Amino acid sequence: MTPIDLPETPYFLLTPGPLTTTASVKRKMLADACTWDDDYNGVVQQVRARLVALATAKPGYTSVLMQGSGTACVEAVIGSAIPADGKLVVLANGVYGSRIAEIASYLNIPLHLIDAGETELPDLAALETLLQTDPGITHVAVVHCETTTGMLNPIAAVGALAKAAGKTFIVDAMSSFGGIEMDVAELEIDFLISSANKCIQGVPGFGFVIARIEAMLETEGRARSLSLDLYSQWKCMEENNGKWRFTSPTHVVRAFAQALNELDEEGGVAARALRYRENHRVLVEGMRGLGFETLLDDTVMSPIITSFYSPTDDEYSFKQFYDLLKARGFVIYPGKVSAADCFRVGNIGNVMPEDIQQLIEAVEQCCYWRSSVQAAAV
Ligand SMILES: *Cc1c(COP(=O)(O)O)cnc(C)c1O
């Protein structure tokens with residue numbers, strides 16, 4: 001397979017989104033659609049129903065789409081779900097968990113932050129104690145795949161504690177939904193947040209929320225922002241057959257509907273999860289074979305994105321390594337951990353295990369700081 005399916009896509013995007021999409025997904029964006037039109041709004045309604053079906057087979061769930069990047073959707077949920085007299089607990093172990101807390105502080109929402117640093121699992125004992133000692137807590141939020149490192153957080157265990165204490169449970173499953181099997185009903189998630197340009201393999205432009213209908217109904221009148229009012233957006237889509245309140249990202253939505261078709265054709269989330277796991281296995285084995293070490297233990301790594309320690313050689317610079325790989329058709333991602341010098345490689349998107357194998361061969365040729373490679377003249 002060639003890495004390039006359209007001439008203007010010169011490399012594989014091995015990043016956590018936007019990621020490499022198929023030509024057929026991109027082609028859907030070549031038609032303009034009217035945001036008021038029944039056909040277009042029918043596409044929106046289908047997308048909403050299919051997202052719910054991906055999340056659970058149980059009744060009682062709904063979905064809503066929201067313009068903007070994934071963070072806008074997180075902000076819509078945090079700003080709309082928590083009542084004026086509510087209080088949020090955030091379990092953080094990376095940038096995206098910390099961002100939820102940052103959103104809450106922008107919105108003046110009372111908050112407990114349980115911060116585990118960047119390479120440790122969330123402190124469940126601390127959560128349990130907090131839930132027992134502060135009856136004012138109403139909501140608990142956690143990130144599923146913490147894209148900062150690639151760590152997969154134990155959302156079932158967090159949800160069980162939140163639910164035993166009668167709290168509303170919010171999960172940022174941005175980089176995992178569609179790529180890792182999960183059932184929102186079994187996990188007792190009240191609000192699950194993801195976006196178009198992650199594991200569903202669409203292009204950037206909107207996020208979406210899958211919510212328990214009862215929990216969504218409770219958000220009426222709570223929003224702290226007009227354009228990020230989750231309830232009003234949901235109500236408008238419900239009552240007007242898929243109409244968005246403000247200009248909808250029509251091209252992106254049509255591409256996303258195609259991406260959902262292609263997810264089905266691949267065999268659904270189970271099949272996609274298998275491919276991502278295989279990508280991840282080939283990546284980690286290949287990189288270890290070249291002498292690179294992963295930041296995290298195998299037990300907590302996600303099959304979505306992987307952090308590798310940067311080489312300690314004086315000659316190494318991420319920029320130079322990046323440029324050499326880019327010239328060979330692969331774009332990787334800088335690290336985001338403050339305590340360790342790392343780079344990251346994503347394995348989601350329209351990327352196959354054989355492409356990852358080619359990446360490993362390219363990496364071997366690009367270790368310019370190694371004397372063996374210098375001799376071969378990169
Ligand atoms: C990508 C991502 C987001 C959203 O990021 P945007 O840049 O706003 O799209 C949020 N949380 C996690 C875990 C992510 O991976």
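Reader: Which residues are buried in helix α6?
Author: This is a predicted model. In α6, residues 155-164, the buried ones are I155, V158, G159, L161 and A162.

Reader: Where do they sit around the axis?
Author: On the same side of α6, because they cover an arc of only 160 degrees.

Reader: What covers them?
Author: The cover includes β3 (88-92), α5 (124-133), β5 (139-143) and β8 (168-172).

Reader: And what follows α6?
Author: G166, with a positive phi near 75 degrees.

Reader: Is D190 buried or exposed?
Author: Buried, at 1% relative accessible area. K163 is partly exposed, at 23%. R212 joins K163 and D190 in a network of salt bridges.

Reader: How many salt bridges does the structure hold?
Author: Twelve. One of them joins K235 and E239, at 3.2 Å between the closest N and O atoms. These two are four residues apart in helix α8, so about one helical turn separates them.

Reader: New topic, pockets. Which residues lie nearest the centre of the largest pocket?
Author: T71, Y96, R99, M174 and K198, out of 21 lining residues. The space in this pocket is about 300 Å³.

Reader: What classes make up the lining?
Author: Ten nonpolar, eight polar and three charged residues. Helices α3 and α4 each supply at least two lining residues.

Key: Residues are numbered from 1 along each chain as its sequence is written. This is a predicted model: local features need pLDDT of at least 70, side-chain atom pairs count only at pLDDT 80 or more; totals for chains, interfaces and linings use all residues. Side-chain values use heavy atoms; hydrogens and water are left out. Buried means under 20% relative accessible area, exposed over 50%, partly exposed in between (1.4 Å probe, protein chains only). The arc is that of the directions from the helix axis to the C-beta atoms. Contact means heavy atoms within 4.5 Å. On a 1 Å grid over the protein atoms alone, a cavity is a set of points where a 1.4 Å probe fits but cannot get out, and a pocket is an open set with protein on both sides within 12 Å along at least five of seven lines; lining residues have an atom within 4 Å of a point. Grid points are joined across faces, edges and corners, and a volume is the space filled by probe spheres set on the points. Ala, Val, Leu, Ile, Met, Phe, Trp, Tyr, Cys and Pro count as nonpolar, Asp, Glu, Lys and Arg as charged, and the others, Gly among them, as polar. A salt bridge is a side-chain nitrogen of Lys or Arg within 4 Å of a carboxyl oxygen of Asp or Glu.
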